[in-house]
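Here is a short report on one model. Look at the structure first, then read on.

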Amino acid sequence: MKKIVILTIGLLILLPSFALGQYQSISLSDSYSFNGSNNNKENLEWGEANLTLRRLVNQAYSDGVSELSNSGSPNVRVISNTICDQQPGLNIIDERNLSDMNWAWGQFISHDIDFTPTAVFDTRLQSLERIQIIAPENDQYYRENQTMMSVFRSLYDVRTGLSRENSREQINTVTPWLDGSVVYGTSEQRVNELRTFEGGKLITTEHDNGDLLRLAPVNSIEEQRVRGLAFFSGDIRANENIALTAVNTLFVREHNRIAEEILNDNPEFSDEEIFQMARKINTAIIQSITYNEFIPSLGIELEPYVEYDKSVDPQISHLFSVVAFRIGHSQIGEQFVIVNETDIKQTIPMQEGFFNPSIIQKHGIDSIIKGLFVTKQQASDIYYHDSIRNFLFGEPQRGGLDLCVLDIIRARDHGIPDYNTIRKEIGLIPVTEFDEINSDQEVIRRLSQTYRNVDELDPIIGILAEEHIEDSTLGETGYYIIKEQFERTRDGDRLFYLNDPDLEDLREDISNTRLSDVIERNTRIDNVPDNVFFVSEIKNNNLRTDNQISFAYIAVFLIVVFAIYAQQKSSRISK
Ligand code: HEM
């Protein structure tokens, strides 16, 4: 009798876990195509990779066709030196306690939805035009009139740029859907290079501290850009910095974890079925984190989601990709913080983390991920750290780029109008004085010493300079452009997770999945705070830096020396 009772209780405990395997009743009716087409059934090509970006405001090429806009504005390096220069050691922290995970996620998803490369990525197009950036007088790193950078213009559709009626239009080479392409790629060929074709999994590289991304094939673009072994993922920019690679790795692990669960619940499923289903769920989680955590963390309130709207073209606007979403560049600090399993903090100069996957090959990703959520992000403001303003991918004079210069010149390259014209065209009131943009005296001083008047302002500078609206990390113009894009990306997507019938049973669970859950189930990091987009004060206080530890050792050493000395002295006196 006792045995039967124990057996019945055992069965009652075990039964639900067998019967309610999370993925037991899943089925697949449709999924994102790799090149983005066939999402909108009335406009099959909407959202396809390699289409031109969308104009939210009219182009303003100086010749009306293709010549740089804002051409009467000051030299871009002058703007960078006088406005964007953030002196080393000057840390202006985000006023809302956002963590470095915030910028890392922003970059991760931006690589999912937009990429307009320059000719440099395509050897057949080496002859495309370059823009020479001339160093002004008193530049810290370059002689006056020296060409400090030679910037390739963006890739554009060669059927455009022929007349005023058909002005130059640049290409978004990835799909604008938030469809996980940063993990899976935008072509059948790319994804096939990433798959194991067993159990629906993605290829990984084994490491003591957890699986890493697969290594790049010989002679791939990735391999050419790094010293040592490069990683390979859906997007060719995966090695650009260690935070980006770490987040990317997290979602390859999550894919493989989901695939294992699907296989457990459905042993009869083929590799293809498991792969597609895991891809769909993983992508849905990326969407949910973006819409339920990341966008709200910036203080952006989107219109509530109603339903799929087939009249919405999801294409990324020039204003989003070459201007407003680059606000992330000002959030980057001077160093990466990495935190090991005993909570010891180490720092790595930011520029050492660029195209340097060997750091991840040495440490794994846990310490980098933890460093991201315990470190406060730099404020979204006009200041760019030297790590990206002079040392981007190399030393000054040895290929080091200035990202502030690139951001300003890229907008001119795409024919974007000045800041005030944008405001007018999107329905905001134009400003008449610099102090209407921000009341901060230093910001006003920098703007007014560089530009002759507000109508000259380059859009990225105006947007970065704007005083933030209440409870947000953005000013009015940046807020408008970013909100418009994220609503469009969501509403125009028939396969968005809240509209996908295949995900109906999992919807609530996906909506409740936070980035912290993904970190917890795919790393060995303990006590992950619920919201990793903000720094949790309590957790941060427990961390010890290398300096603090050295100081503690020195203090103990001095106390011991002093004790020995005091003892010897007292024994001498007593003699
Ligand atoms: C260490 C971190 C980062 C580095 C080194 C970096 C570097 C770059 C570079 C070199 C470009 C191309 C510039 C050009 O030639 O026009 C670029 C483009 C861009 N970046 Fe970043 N970036 C970083 C982080 C971020 C973050 C945090 C965000 C947003 C939150 C962001 C958003 C963008 C966007 C939207 C583009 C345009 C992409 C396209 O459509 O082609 N980046 N970045």
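A residue counts as near a molecule if its C-beta atom, placed from the backbone, lies within 6 Å of it. The model is predicted.

**Around the ligand**

The ligand is surrounded by 21 residues. Gly106, Gln107, Asp114, Gly328 and Arg410 are the closest. Two or more shell residues come from each of α3 (100-113) and α13 (403-413). Helix α3 gives the most, with 4 residues.

**A sheet and the helix across it**

The strands β6, β7 and β8 form an open sheet in that order, with antiparallel pairing. β6 (204-205) and β8 (231-232) stand at the edges, each with a single partner strand, so one side of each lacks a neighbour in the sheet. Strand β7 (residues 212-215) is joined to β6 by 2 bridges. Thr204 has Leu213 in β7 as its bridge partner. Helix α7 (residues 242-265) lies across β6, β7 and β8. The angle between α7 and β7 is about 95 degrees.

**Two helices that cross**

Two packed helices are described by the angle between their axes and the distance between the axes. The axes of α7 and α19 (residues 515-522) come within 10 Å and cross at roughly 75 degrees. Angles of 65 to 115 degrees count as roughly perpendicular, so α7 is roughly perpendicular to α19. From α7, the contact uses Leu250, Arg253, Glu254 and Arg257. From α19 come Val518, Ile519, Arg521 and Asn522.

Conventions:
Residues numbered from 1 in each chain as written. Predicted model: local features only at pLDDT ≥ 70, side-chain atom pairs only at ≥ 80, totals over all residues. Pairing = 2+ DSSP bridges. Contact = placed C-beta atoms within 7 Å. Axes fitted to C-alpha atoms, helices over the stretch in contact; angles between N-to-C directions. Parallel < 35°, antiparallel > 145°, perpendicular 65-115°, else oblique.
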